[in-house]
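Trainee: I would like to go through this model with you. Please set each value against its definition.

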Amino acid sequence: MSANSTFLLELHCEEIPARFLKPLTEDFETAFTAWASAQGLGAVALETFYSPRKLAWRAVGLPLAQLDQTDIQVGPPQRMCVDEAGQPTIQGLKFAEKWGLDFSAVRFEQPTGKKEPCAVVTVTKVGRPTTDLLMEALPGLIAGLHVPKAMRWGRSDFEFVRPIRNLLCLLGETVIPITVDGVTATNTTWGHRLHHREHPAPILIATPGVYEAKLEAAGVVVSLDLRRSRIATQLQDQAAEAGGRLVADAELLDTLAEIVEFPKIVRGEFPASFLELPKEVLVTSLREHQKSFCIERLDGTELLPFFLTAANRTDDPAGYVKAGNEWVLKARLYDARFFFAEDRKQPLSARLEKLQALTFQRELGSYYDKTGRVVALTKTLASRLSKDDEHIDRALEAARMAKCDLRTLMVGEFPELQGIMGGEYLRHEGAHEEVWQAVKEHYRPVGAEDAIPGTSLGCLLSLCDKLDTVAGCFAVGLIPSGSKDPLALRRAGQGVVRILWEQGWPFTPADLIEAALRIVGPKATKPAAESTEALLAFFKDRVAYQLEQAGYAPSVRRSALAAGWLDLADLRARCEALSAFAEDARFTSLAQSAKRIGNILKDELASGELVRGLLTQAEEILLADKLVEVEAKTEQGALLAALADLAQPLEAFFNSVMVKCEDAPLRAARLSLLFRLRQAFLRVADFSLWQ
Amino acid sequence: MHIQELILRLQRFWADRGCLIGQPYDLEKGAGTMNPLTFFGALGDKPWNVAYVEPSRRPADGRYGENPFRVYKHLQFQVILKPSPAAVQDLYIESLEALGIDFSKHDLRFEEDNWESPSLGAWGVGWQVVLDGMEISQFTYFQQVGGQDCRPVSAELTYGIERICMFLGGYDNIFDLIHGEVKTDEGVFPVTYGQMRQREEFELSAYSFEHADLDLHRSLFESFEKEGWRLLKDHGHFLSAYEQALKMSHTFHVLDARGAVSTTERPGIIKRVRDLACGCAKAYLEHETEHVAASAKGGAQ
């Protein structure tokens, strides 16, 4: 008999919502491995499987039993256990009896810490069989899974994600007949629902190793990765066959893999007349309503009148699946066309007044109020970026129109098209390209992966909108903390920083905070000083994150940030210069000298007034000369180059000059020299934070 | 398949599986769930299987009879199975087979769709059932109705009758569906859904989007509410009070279709309907408990 075997558990349920599959599988994996290790079964690696109706786990090499455990038990002293004749005393016999042993098993040794030999026995605790342990533990592990939206069914009080209809539980060939909510485990399960309309018998899984193959034969590909890769291949092939390429969507690919048990990609067509709808509308409508992919021309310009979706079966023998999906899609697109036509019966601007009835946030008022603030903010900032009145007017027009599409039918149906529809409707009305582009893109970047708006006006509008959201919420006390950020203020704040960073605009976060809070003004419930302080801390974190995203090394980020962060263009230049310079051979020496300067100045009062005439040694005079050069540099690269040239002189200085000398005026002059040097360093970075 | 044939087959199927065949409730409502056969039937401990057709009104969905896919009023076929049977999904699939759907050629999926009716204080979890990419049914395990936990849990199956008919027949326009045939001495006359309903769609859409008197509806809403609470509080009458809740709900939907309810007002109005509905559910359960206690006492004598 081998000492270990393979464990397999499958919960076969009614269709589990796709979004819960992975978390539930992982939750059990964590709980099971923790349990196995606590039971002395060692480090178990679980393979996980899931499909709409199945959650399954397999562990290869699970020991068949716990290891036996031996313990040494110490009893009374030898003299009390054995009498003078060498016979066991009552006390000696009782000791042996206590551990279930014969007196002959008792030996006499002097354990550490004892002054004399004592009775000692070795007790062996026999490890329990794994089957017993699993029998006891599995029902609790299953019932203990964290289900975010649990349900009851029938008359039972048991709660789970969906009704459990079958259990498969094996250790090797042995069934572990656990019972959960009245269902007892066997070595059989069920394949694809449609498979069993023709083959009524359950599927026998004689050993854990045959699990996937048996299920595939019964119409279920139980590995998510396999389903996903098969879908991906079919999607590519089908798109190519249609003469185009797939409009990629990783999230949709995951979704399709999670909602079918046997993936078959079906290609359908829709009437080409629907191509007059904006591309985004088609892509969104197909994705949201039909979980379908679009195919675009190879040059990426327009869509082709095809779609791809996954069927939950192996084939489409009568073409019903294709025809059905085409039929539904036509109905959906008909609706989209209806919305597109209805929405354009009046100009977008007609919705401005209607924004009054749409609450943005209780204290901050309606979207109409928000629009007013964004317009005011845009006005303040646009006039600082441009002196062109027409350009400024266009910025204001875009700000006024930005939120109007929230009252259109199309955005009501597809909230994710906000901004995009506003832009499209303005374009159809003949608005200036800068205006409609800005409105269309003003929600970007929607995440770390997304780009900022492609136009300068779009960036300005996006920045003002997000800034107002962040500053407004802070002003009424809605400040994100820990994992709580229901209004996604961090993402909005990150967008502001991204735009400033990439555009290189001459606004500091402090400027922006001041302007935004002034405009929020009367709506604020918190004192402006308090909000300003909280916002500065908030934006500093966002800037730190931006540096991380930009790929700078931790030392570069820390030391550059500590030397000032409000001027983003300057910060960026410093980070660039530092990153380049970190490779320089002189760098380590310079950083060390800078740290040393910091240490010396820590407990000293130094003046910035350097009395150069007091310096005596050649090394310090040379350093003072170099300092003059360094201080004259204005550009970050040149400044760093000049600082780099200080590496050698600094080393020489520290090797030969005693800073804290007895001569008080000389000592003050030397400290002043170091103080000025540190000021020069701090224009780039705080090297004391370099590691 | 004709609409009436589809209804007859579903009724036959579910009657054969041990359901009472109920009738639509004669008040305006948005869904079959609002019928007392479901609302009260899903409460309490007693087994309860019922199936019925329910005409369902959605004032905001009206399209003046011009949209081939969307209507103000459609037909739902509603099934309640309490407690939910272990093989409920198989039963449902068999009902589709009874409609002539051959699963060796079709694609069937159960996709998560959790149902909630804030105005009934009801929610459940379940799926939309998707056949070849089209949603044909709503499948729900009721967890709460009228603010009360459902013990045992009922399964609710709701079939969209027109949709299934259109889909099975490949129709591109709901108004082209054939309801049934009139056979007379003068010949056989197929009657379309359009002949029966298109004018009604036009007038009801015009009513809910243009002609409904807003002041009247606002005042009706208040009156129904007052009436409902009077019936419930003064007389302990949960059935007649529940009718008032249904009327409040419909009145609200008419106002909503006219755009007369602001987003901020909305939750408050829905809560007023829910409060009355929940009051009715509570009174019903109390009544049932007393009734059971009383008959137990009667039996002992």
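Trainee: How many helices and strands does the secondary structure of chain A come to?

Mentor: Chain A has 26 helices and 18 strands. Helices (H or I, at least four residues) and strands (E, at least two) are DSSP runs, numbered from the N terminus. This is a predicted model: local features need pLDDT of at least 70, side-chain atom pairs count only at pLDDT 80 or more, and totals for chains, interfaces and linings use all residues. Residues are numbered from 1 along each chain as its sequence is written, and chains are lettered from A and ligands numbered from 1 in the order in which they are written.

Trainee: What makes chain A more spread out than a compact globule?

Mentor: Its radius of gyration is 37 Å, well over the 26 Å that the globule rule gives for 691 residues, so chain A is more spread out than a compact globule. The radius is taken over C-alpha atoms, and the rule is 2.2 Å times the number of residues to the power 0.38. Along the principal axes, the C-alpha atoms of chain A fill a box of roughly 105 × 90 × 50 Å.

Trainee: How do you know whether chain B agrees with a compact globule?

Mentor: For 301 residues a compact globule would have a radius of gyration near 19 Å; chain B has 20 Å, so the value agrees. The C-alpha trace of chain B spans about 60 × 50 × 45 Å along its principal axes. Its secondary structure comes to eight helices and 11 strands.

Trainee: Why is A:H192 called buried?

Mentor: A residue is buried if 20 or more other C-beta atoms lie within 10 Å of its own, exposed if 12 or fewer, and partly exposed in between; the C-beta atoms are placed from the backbone. A:H192 has 22 C-beta neighbours inside 10 Å, so it counts as buried. It lies in the loop between β11 (188-189) and α5 (195-198) of chain A.

Trainee: And why is A:A218 called partly exposed?

Mentor: A:A218 has 18 other C-beta atoms within 10 Å, so it is partly exposed. A:A218 lies in the loop between α6 (211-217) and α7 (224-241) of chain A.

Trainee: Which residues does A:H192 touch, not counting those up to four places away in sequence?

Mentor: A:H192 touches A:A218, A:G219, A:V220, A:E261 and A:F262. Two residues are in contact if their C-beta atoms, placed from the backbone, lie within 7 Å. Leaving aside neighbours within four places, A:A218 is in contact with A:G191, A:H192, A:H195 and A:I203.

Trainee: Why are α21(A) and α24(A) called oblique to each other?

Mentor: Helix α21 (residues 568-581) and helix α24 (residues 636-644) of chain A pack at an angle of about 40°, with their axes 9 Å apart. Axes are lines fitted to C-alpha atoms, for helices over the stretch in contact, and angles run from 0 to 180 degrees between N-to-C directions. Angles under 35 degrees count as roughly parallel, over 145 as roughly antiparallel, 65 to 115 as roughly perpendicular and the rest as oblique. Therefore α21(A) and α24(A) are oblique.

Trainee: Which residues make that contact?

Mentor: α21(A) gives A:A573, A:R574, A:A577 and A:F581, and α24(A) gives A:Q636, A:G637, A:L640 and A:A644.

Trainee: How many residues of chain A are in contact with chain B?

Mentor: 33 residues of chain A are in contact with 30 residues of chain B. On the chain A side, the largest share, nine residues, comes from α10(A).
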